[in-house]
Amino acid sequence: MPASSPRPARPAIISETTSALRDLADAAGVLWEYEDSQSQRALVADEVLADVLAARGYPARTAEEIAESLRRLEAARWERALPPFVGAFIGEPAPEIPVVVDDRGTATLELVPEDGGAPIELAAGPAGPAHTVMRDGRAVLRREHRARLPRELAVGYHTLRLRSRTGDGAPEVIAESTLAVAPQRLPIPPGRQWGLTIQLYSVRSRASWGIGDFGDLGDIVAAAAQAGADFVLINPIHAGAPEAPVENSPYLPSSRQAIDPIYLRIEAIPEFASAGEPVVSAVVSLGRRWMSADIDNQPIERGGILDDKILALETLYDVPFTAARRSRFARFSEEAPAGMRAWAVYNAIIRSTEDGRIPAKLRDPDSEAVAEFARTHEREVGFWLWTQFLAAEQLADAARAAEVLGMRTGIVTDLAVGVSHSGADAWALEPYLAADATVGAPADYYNQQGQDWSQPPWDPDALAAAGYVPLRDLFRTAFTGAGGIRIDHVMGLFRLWWVPAGRVPAEGAYVRYDDRAILAVLLIEAQRAGVTVVGEDLGTVEPRVRERLAQLGIMGTSVMWFERDGDALADPAGYRRGSLATLNTHDMTPISGYLNLEDIDLSERLGVLVDDPQAIRRAEAEDRTAALRALAAQDPDGELAHDIEAGRIDEAWPVMRALVKRLARTDAALTGVALADIVGERRAQNKPGTSTEYPNWTLPLADDAGRPVLVDDLVAHRGLREIGQLLAAGLHERGERAADRARRPGDAAAGGGRASAGASEQAESGQANASGQAESSRAEAGRAESGGTESAAAAAAAASGAGGQSAGSHAAPGSAAVRDQAGAHKEH
């Protein structure tokens, strides 16, 4: 990727209010300057900064508004007795707790453990600064103290409780907050593992209803395991709208608190098996609309498929449950997170109206009118919770298949940055979301106009005041059935680019979040679920972000085309150990098209380039050609011509093989290869900066000639088998070298920067060697065990027969049953 010419930052308007405006921005956590993608200092214009502050809840258009907003922030600090939420980590210095009380009062701070143990009284430090506030027309002196946490604390959510005594009265509780104590770090996956990255909806089969589903996922797992893979990374499966029209992007869901029923395999639902002939016939006829014998590569019709699936599900919901399933579903419903229940109520409301809109009297999710609706529509709300019960079952089946077939990580799910401004979460979580801004990204080389993702951002203050419960619910649902999770735009846990309403994407500013608190919640939930966490840390990233994530065991992302050593591609052997290494991302054109500059051609046709298209094309052609020729020179098998040229590649498969061999040199714990690249797909699933101009997120998987590629074809797919063999050989060789280095004294010191990976990498190297030696034999075992597309179902059935039905199949996300099942999945 060549660097574009640096552009001067747009000058901020300097006025008599600039200094005060920036003071307010600092106090409110809004950055008035930042480092852009070209490592240049960029200043936010005053009028843009004022708009972002207004969206943040702090009017700042005049000197008077700025002064009043500053006063409010200062007053809030002195009126608040305890911070609403405190994050702490095992093995790190415990934060001091600021406690603000009336100067003449007597207060005691105690810690109440999550497990119900005896409260622990915390020692308060010496008196700190004081401030006078006005209360009921009189001046009251408030003073800050700093309380120290005990050294030994258990991981979990504890309660901080402040008691105050005035005069001779009994002490009363005047404030409570949550203390989240997180583990020191999450474990990095053992050895060196490779897996497939897929857009699940695009990978269809002859048994699915025109869109990839959880049944297909089980069979993809089987095909991947047969090739020696240890994981399958899928797109976000968050819930979309409950009826057509629907948003195609999996990264713009209606709710992240629920799983999209469109991914359910209808014929795998137990009620389908027990239904009478009329019901079965009705459901089968709905499915036949989408099971054409002549499957083409035309865009997926999500709206029609969803409507037919919901109709089928409503039909099956009328089939009587067995006593056992009724009991398990009742337990699931009781344990469902509040966010999932709100999603169910929202969907029931939307389906009860003629225009698909929330009626005015039901706009407040906490109102008595909504509570009454839920009571009088209990069956309809229960239906949507049942879809989540089914999703948990089917994901657990796919996870069991991965385990039985020897995958070490299994299914890796994806967490989107945010939600639609007009969906279930925007309704249910309205108090915790900013109404007058959307989330996006500033301009960079690939998106020269910036990006607006049309998602309302979290309100940092409201989220903290809620004890981050909405975030806890979100993580618990996202971990359902997962051995790992990828967090899209993980930098958003630290800061987000807010685009004020009425502004273009480049006219925004970064807003900071309490990353200590958010990361504490993430680590607690990830440890309890037993999942590996991968953060997508591409784009404009603060230096401290990657360092902090690495400290906590949250892996990063290393993309070959973005990893550079000067102008050349960096050696994958130097990639971070704690990362997922890939050739590209879901926002990039697959390798076959990328090598022929089809992404540049598409950008020019769609008008999303700011710089001269021909200049960009020349620069990209030179850059990619240089990378390809360096690859050819280093290829030990000599598959590539030394005069290879980007834009003139008729046969992409030899280049794909060479790229994968190079990628297999990596030290990264996880290596992912896109299924789209393996089958030769040329079309991008998404073109950032576009909406209706391009069929984003709807293209079914196809080969380089445009022929559909089905799940049914994967078990015997030569390309998948070859890529598996190349990765197994390369990662095995890399593991042997790492083990050899660990056995030779002094090599760590001689290794310079590579030695900084630390003792943990050396400790894992022996395991990496052993796992590498096992790849070929495990792949052969997978081939024997996975003879056809029914293998995943057979594996899941075998697992159920051997160990009984998993509790996780019938428990709400985040419940003890799901956490136990997920933990067991990780420990094989």
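User: What percentage of the residues in the protein is buried?

Analyst: This is a predicted model, in which local features need pLDDT of at least 70, side-chain atom pairs count only at pLDDT 80 or more, and totals for chains, interfaces and linings use all residues. Residues are numbered from 1 along each chain as its sequence is written, and side-chain values use heavy atoms, with hydrogens and water left out. Buried means under 20% relative accessible area, with exposed over 50% and partly exposed in between (1.4 Å probe, protein chains only). Of the 828 residues in the protein, the buried share is 57%.

User: How many helices and strands does the protein have?

Analyst: Helices (H or I, at least four residues) and strands (E, at least two) are DSSP runs, numbered from the N terminus. By that count the protein has 26 helices and 26 strands.

User: Why is H11 described as largely enclosed by the rest of the structure?

Analyst: Helix H11 covers residues 378–404. It is largely enclosed because the number of its 27 residues that are buried is 21.

User: At what angle do the axes of H4 and H11 cross?

Analyst: Axes are lines fitted to C-alpha atoms, for helices over the stretch in contact, and angles run from 0 to 180 degrees between N-to-C directions. Angles under 35 degrees count as roughly parallel, over 145 as roughly antiparallel, 65 to 115 as roughly perpendicular and the rest as oblique. H4 and H11 are therefore roughly parallel to each other. Their axes come within 9 Å and cross at roughly 5°.

User: Which strands do the buried residues of H2 pack against?

Analyst: Helix H2 (residues 46–55) is mostly covered, with eight of its 10 residues buried. Among them are Val-48, Leu-49 and Leu-53. Besides helix H1 (18–28), they pack against strands E16 (437–441), E19 (495–500) and E20 (509–512).

Methods. The expected span of a helix is 1.5 Å times one less than its number of residues. Contact means heavy atoms within 4.5 Å.
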